[in-house]
Amino acid sequence: MKLLLHVCCAPCAIHPFAELRGREYKEITGFFYNPNIHPYTEFINRRKSLEEYSEKNKFPVVFHKYDMENYFRHVAGHEGPGTRCPRCWRMRLEETASFGAQKDYDAFTTTLLVSPYQDQEMIRKIGLELSKKYRIDFFYRDLRDGFRKAQDAARKDNLYRQKYCGCVYSEKERYDKPAK
Ligand code: SF4
């Protein structure tokens, strides 16, 4: 059984890769598709860190295109986090499902399921909808229990750890706090 794992960043890949490899799935391939990461230099930092992790751990990864314009087309007019984030998750998962179906993977999933900062239930719903649309299974499991351990492992391995979710909006939300 072959799984295509959408990877948002190297630290979030650690837990699902360790948990699923050789168990539920004989083969796991990462799929790095994140045009939501801005600016471009931040994207390069996250991609480099996944390249290092992939090489060190013999984890094959497809580094997909950086079509930043596609991200902005998806969220234009929906910039509030309540509507922006579901559009961002859908865009990334849709590309993963479509790629996985074309390349004959048995299932797809995402490292977003590791993060306590993302809406688990909404991601599950989107994954199941895309599973029907592209006729490829969506592997769902709440993987948040491994988040802290993976962050510690990333720190130990000197993997780049981001300070904000990804897009310019999240960067502003992270730093634009009223002075105390
Ligand atoms: S905050 Fe994160 S999930 Fe939401 S739109 Fe920005 S990058 Fe995407």
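1. The shell around the ligand comprises six nonpolar, four polar and two charged residues (Ala, Val, Leu, Ile, Met, Phe, Trp, Tyr, Cys and Pro count as nonpolar, Asp, Glu, Lys and Arg as charged, and the others, Gly among them, as polar). Among the residues that surround the ligand are Asn36, Tyr71, Arg84, Trp89 and Ser170; a residue is near a molecule if one of its heavy atoms lies within 4 Å of it. Helix H4 (residues 81–102) gives the most to this shell, with five residues.

2. The model is predicted: local features need pLDDT of at least 70, side-chain atom pairs count only at pLDDT 80 or more, and totals for chains, interfaces and linings use all residues. Residues are numbered from 1 along each chain as its sequence is written, and side-chain values use heavy atoms, with hydrogens and water left out.

3. Tyrosine 53 belongs to helix H2 (residues 40–57); helices (H or I, at least four residues) and strands (E, at least two) are DSSP runs, numbered from the N terminus. Tyrosine 53 counts as buried because its relative accessibility is 7%, where buried means under 20% relative accessible area, exposed over 50%, and partly exposed in between (1.4 Å probe, protein chains only).

4. Beyond its neighbours within four places in sequence, tyrosine 53 is in contact with residues including Ala10, Phe59 and Leu159 (contact means heavy atoms within 4.5 Å). Isoleucine 14, also in contact with tyrosine 53, is 39 residues from tyrosine 53 in sequence and 8.7 Å away in space, C-alpha to C-alpha.
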